[in-house]
Amino acid sequence: MQHLSTLLNRFAEPETLKMTKLGRELRARGVDVIDLSLGEPDFDTPQHIKDAAKKAIDDNWSHYPPVPGYPDLREAICAKLKRDNQLEYKPENIVVSTGAKQSLANTILAIVDEGDEVIIPTPYWVTYSELVKIARGKVVEAHTTMESGFKIKPDQLESLITSRTRLFLFSSPCNPSGAVYSKEELKDLAEVFLKYQDILVISDEIYEYINFVGKHESIAQFEGLKDRVIIVNGLSKGFAMTGWRLGYIAASTEVAKACEKLQGQFTSGANSITQKAAVVALTTDLKPSRKMTEEFTRRKKITMDLVGQIPGLKCFEPEGAFYIFPDVSFYFGTSDGQTLINNSADFSMYLLNTAHVTSVMGDAFGEPNCVRFSFANSAVNIQKAWARIKHALAKLS
Ligand SMILES: Cc1ncc(COP(=O)(O)O)c(C=O)c1O
């Protein structure tokens, strides 16, 4: 056996990708699988962004870009933060990376030392906890409930803070719950952070444009906190550009420089053609993003109506992103005569094998009673998938 590093034992591969892989394998065997496990818009990238990329190729933007990103892109990100979030940043505060996932990896590795505690409200995106483990930090889960709208409350937050707390990490809109924090809710959390000057906050805002309840709010807006907040955002979700791999942070110059140093060794920076296309995406109007969100709103409604017809699925109506995250524990301990469902992993596998629909078990998000289903799929597929799920669940008793 070849010797591999112990680092590999510290973290798991993303459950989201694992499920998608299983679905693909089943599809390759000729089964009609409907994918509700994936976290990406099913739309194509808008034409004007594709045209900008083609032009960038013809204009020979083929050399290594500066590690933190081209100056015009960093300027465009500052302009976007001013336009959409009324936040003032300079290009030196911005680091462009190969997807928001790399932005998160850079930031966590730049901040977290061995034994440092990182508070993460559940349910959280699968990658957060694993990146903290890679950095040898300690994940402190802050359990939230459907009844509380899957949001952490200030007193709960404060009760988890210790002398080792280094970072608070959350997303709004949230993957997987769809929770969106209001300005007042963020202000209440900000007031706690203002009492603890050593704690930094990563605010993952990648689903900013996919918001069903109103204006997006960032925790960076509060007086005295901005320098300790690292905004993570990117083009994957709002512009249907998952494969282009472009994310960024807006942070203090200290954190930005630390991320640039790490990135200089890891990747040398994000793809040059993608960066040039990103300038156009961020500086033209948001009509295509708004249209996508309108369509997600329609599909959310279809999904909620269909889920409402299935006994035992307790579901929170998402305020943003494109997932529903129902509590499925009603089905634990049931069987179709062959397969016993004991947990959310069994539930997900049962739906894959019986209904041929992929989903992601809640354990991966720190909520073992729930399962995540995407509605970033066509209305026809959503209807077909939920009819199959209803039929499969009706066999369980
Ligand atoms: C909450 C959250 N943050 C970050 C990412 C990563 O996005 P990117 O494609 O830009 O790496 C995802 C993707 O699923 C996500 O759901």
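Across the interface of domain 1 and domain 2, 2 salt bridges are found. The model is predicted. Domain 1 is made of two segments, 6–44 and 288–394, and domain 2 covers 47–284. The points below cover the interface of these domains and some backbone features.

**Charged and polar pairs at the interface**
- Lys 314 forms a salt bridge with Glu 147, and their closest N and O atoms are 3.7 Å apart.
- Polar contacts across the interface of domain 1 and domain 2 join 17 residue pairs, both residues being at pLDDT 80 or more.
- Helix α10, residues 287–308, gives the most to the side of domain 1 that touches domain 2, with 7 residues.
- Sorted by class, that side of domain 1 has 21 nonpolar, 7 polar and 9 charged residues.

**Extent of the interface**
- The centres of the two domains, taken over C-alpha atoms, are separated by 26 Å.
- Contact between the domains involves 37 residues of domain 1 and 39 residues of domain 2.
- The size of an interface is often given as the accessible area lost when the parts come together.
- Between domain 1 and domain 2 the buried area is about 3100 Å², and carbon and sulfur atoms give 62% of that area.
- On the side of domain 1, the residues that lose the most area to domain 2 are Arg 10, Phe 316 and Glu 319, which together account for 23% of what that side buries.

**Cis peptide bonds**
- Most residues other than glycine have a negative phi, and most peptide bonds are trans.
- The bond from Thr 122 to Pro 123 is cis, with omega near -10°; Pro 123 lies in the loop between β3 (117–121) and α5 (126–134).
- The bond from Ser 172 to Pro 173 is also cis, with omega near -5°, and Pro 173 is in the loop between β5 (165–171) and α7 (183–195).

- Phe 150 is not a glycine, yet its phi is positive, at about 55°.
- The loop that holds Phe 150 runs between β4 (138–142) and α6 (154–160).
- Phe 150 counts as buried because its relative accessibility is 4%, and buried means under 20%.
- Arg 245, another residue other than glycine, has a positive phi near 60°.
- Arg 245 is in the loop between β7 (229–234) and β8 (247–250).
- Arg 245 has 30% relative accessibility and therefore counts as partly exposed, a class that lies between under 20% for buried and over 50% for exposed.

Technical notes. Residues are numbered from 1 along each chain as its sequence is written. This is a predicted model: local features need pLDDT of at least 70, side-chain atom pairs count only at pLDDT 80 or more; totals for chains, interfaces and linings use all residues. Side-chain values use heavy atoms; hydrogens and water are left out. Domain bounds come from an automatic or database domain assignment. Contact means heavy atoms within 4.5 Å. Buried area is the accessible area (1.4 Å probe) that two parts lose on being put together, summed over both. A salt bridge is a side-chain nitrogen of Lys or Arg within 4 Å of a carboxyl oxygen of Asp or Glu. A polar contact is a pair of N or O atoms within 3.5 Å; within protein, one must be able to donate a hydrogen and the other to accept it, and residues adjacent in sequence count only if both atoms are side-chain atoms. Helices (H or I, at least four residues) and strands (E, at least two) are DSSP runs, numbered from the N terminus. Ala, Val, Leu, Ile, Met, Phe, Trp, Tyr, Cys and Pro count as nonpolar, Asp, Glu, Lys and Arg as charged, and the others, Gly among them, as polar. Buried means under 20% relative accessible area, exposed over 50%, partly exposed in between (1.4 Å probe, protein chains only).
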